[in-house]
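Reader: I'm new to this one and would like a guided tour. Could you show me how to read it, feature by feature?

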Amino acid sequence: MVQIKACLFDLDGVIVDTAKYHYIAWKELAQELGFDFTEEDNERLKGVSRMRSLDILLEIGNKSLSEQEKLHYADKKNVNYVSYIQKMEEDEILPGVKEFLTSLRANGIKIALGSASKNAPLILNQIGLTSYFDEIVDGNSVSKAKPDPEVFTKGANLLNVTAEECVVFEDAVAGIEAAKAGGMYCIGVGEEETLSEADFVIKGFDEMSLDRLKF
Ligand code: BG6
Ligand code: MG
């Protein structure tokens with residue numbers, strides 16, 4: 001049996017449902033650029049970095065922009081997105097998450113964040129979870145986006161644990177690929193059909209307990 005010493009958490013879609021705010025902000029940008037952006041399109045942006053998300057959005061709208069214009073619009077979308085997440089409160093933490101984090105801490109299991117978002121510190125602060133995390137690795141501290149394993153291997157290094165001693169929680173296919181590429185056990189959070197590359201899948205943290213970390 002492997003002794004799990006750390007849990008690494010993705011943020012968006014695992015701890016909070018920020019996809020809805022990303023969706024509104026991207027949709028408003030698409031409309032400004034003259035095309036529509038659907039909820040189904042938004043699925044393609046989960047786990048994907050901000051600039052790559054913009055590229056996908058432009059591909060959907062069949063638009064091309066200069067690098068400078070791209071930076072301008074990515075920034076504009078972010079200002080809009082931040083206006084939504086600044087209103088987030090503790091009641092937006094997904095069911096069971098806080099209880100599970102509390103039980104990890106009580107049992108000496110280390111906790112790190114492994115998120116692609118540059119807004120991760122703000123979100124954790126808004127929902128009052130910052131102090132639960134021993135380390136935070138986010139879009140400001142990695143150079144390679146998921147599915148590259150950097151965000152998780154960096155977290156494991158900071159926590160002083162090996163890849164085999166970690167469990168990653170992820171809701172995005174790119175994130176599961178990142179965890180597996182880093183040699184880590186990965187629990188998918190969401191739908192089994194979409195997350196089939198994960199070692200096992202839970203619908204939410206209400207289903208999670210320390211016992212399920214023994215394998
Ligand atoms: C990921 C989200 O966690 O962060 C993506 O799933 C998002 O949808 C990415 O594009 C980057 O987020 P941000 O906050 O830096 O724009
Ligand atoms: Mg996610």
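Author: Let's start with a term: a salt bridge is a side-chain nitrogen of Lys or Arg within 4 Å of a carboxyl oxygen of Asp or Glu. Side chains of opposite charge can pair when their charged atoms come close. Here Asp10, Lys146 and Glu170 are linked in a network of salt bridges.

Reader: Before we go on, what kind of model is this, and how is it numbered?

Author: This is a predicted model: local features need pLDDT of at least 70, side-chain atom pairs count only at pLDDT 80 or more, and totals for chains, interfaces and linings use all residues. Residues are numbered from 1 along each chain as its sequence is written, chains are lettered from A and ligands numbered from 1 in the order in which they are written, and side-chain values use heavy atoms, with hydrogens and water left out.

Reader: How many salt bridges does a search of the whole structure find?

Author: It finds 15 salt bridges. One of them joins lysine 146 to aspartate 10, at 3.0 Å from N to O. Lysine 146 sits in the loop between strand E3 (135–137) and helix H7 (150–159), and aspartate 10 in the loop between strand E1 (6–9) and H1, so this pair ties together parts that are 136 residues apart in sequence. As for the names, helices (H or I, at least four residues) and strands (E, at least two) are DSSP runs, numbered from the N terminus.

Reader: Are lysine 146 and aspartate 10 buried or exposed?

Author: Buried means under 20% relative accessible area, exposed over 50%, and partly exposed in between (1.4 Å probe, protein chains only). Both lysine 146 and aspartate 10 are buried.

Reader: What about the salt bridge of arginine 105?

Author: Its partner is aspartate 134, and their closest N and O atoms are 3.7 Å apart. Arginine 105 belongs to helix H5 (residues 97–106) and aspartate 134 to the loop between helix H6 (120–126) and E3, so the pair ties together parts 29 residues apart in sequence. Arginine 105 is partly exposed at 38% relative accessibility, and aspartate 134 is partly exposed at 36%.

Reader: And which residue pairs with lysine 203?

Author: That's glutamate 191, with 4.0 Å between the closest N and O atoms. Lysine 203 is in the segment after strand E6 (200–202), while glutamate 191 is in the loop between strand E5 (185–189) and E6, twelve residues apart. Lysine 203 is exposed at 60% relative accessible area, whereas glutamate 191 is partly exposed at 39%.

Reader: Let's turn to helices. How do I check the span of H1?

Author: The expected span of a helix is 1.5 Å times one less than its number of residues. For the 14 residues of H1 (residues 19–32) that gives 20 Å, and the end C-alpha atoms are 20 Å apart, which agrees.

Reader: Which residues of H1 are buried, and what covers them?

Author: An α-helix has 3.6 residues a turn, so residues three or four places apart point the same way. In H1, the buried residues are Ala19, Tyr21, His22, Tyr23, Ala25, Trp26, Leu29 and Ala30. What covers them includes helix H2 (39–43), helix H3 (50–61) and helix H4 (67–85), where contact means heavy atoms within 4.5 Å. The buried residues of H3, in turn, pack against H1 and H4; they are Ser53, Leu54, Ile56, Leu57, Leu58 and Gly61.

Reader: What follows H1 and H3?

Author: Just after H1, glycine 34 has a positive phi of about 95 degrees. H3 is followed by asparagine 62, with a positive phi near 55 degrees.

Reader: How is the chain divided into domains?

Author: Domain bounds come from an automatic or database domain assignment. The chain is split into domain 1 (6–16 + 90–213) and domain 2 (19–85). Their contact takes twelve residues from domain 1 and eleven residues from domain 2.

Reader: What is the area buried between domain 1 and domain 2?

Author: The size of an interface is often given as the accessible area lost when the parts come together. Buried area is the accessible area (1.4 Å probe) that two parts lose on being put together, summed over both. Between domain 1 and domain 2 it is about 880 Å², with carbon and sulfur atoms giving 52%. The rule finds one salt bridge across this interface.
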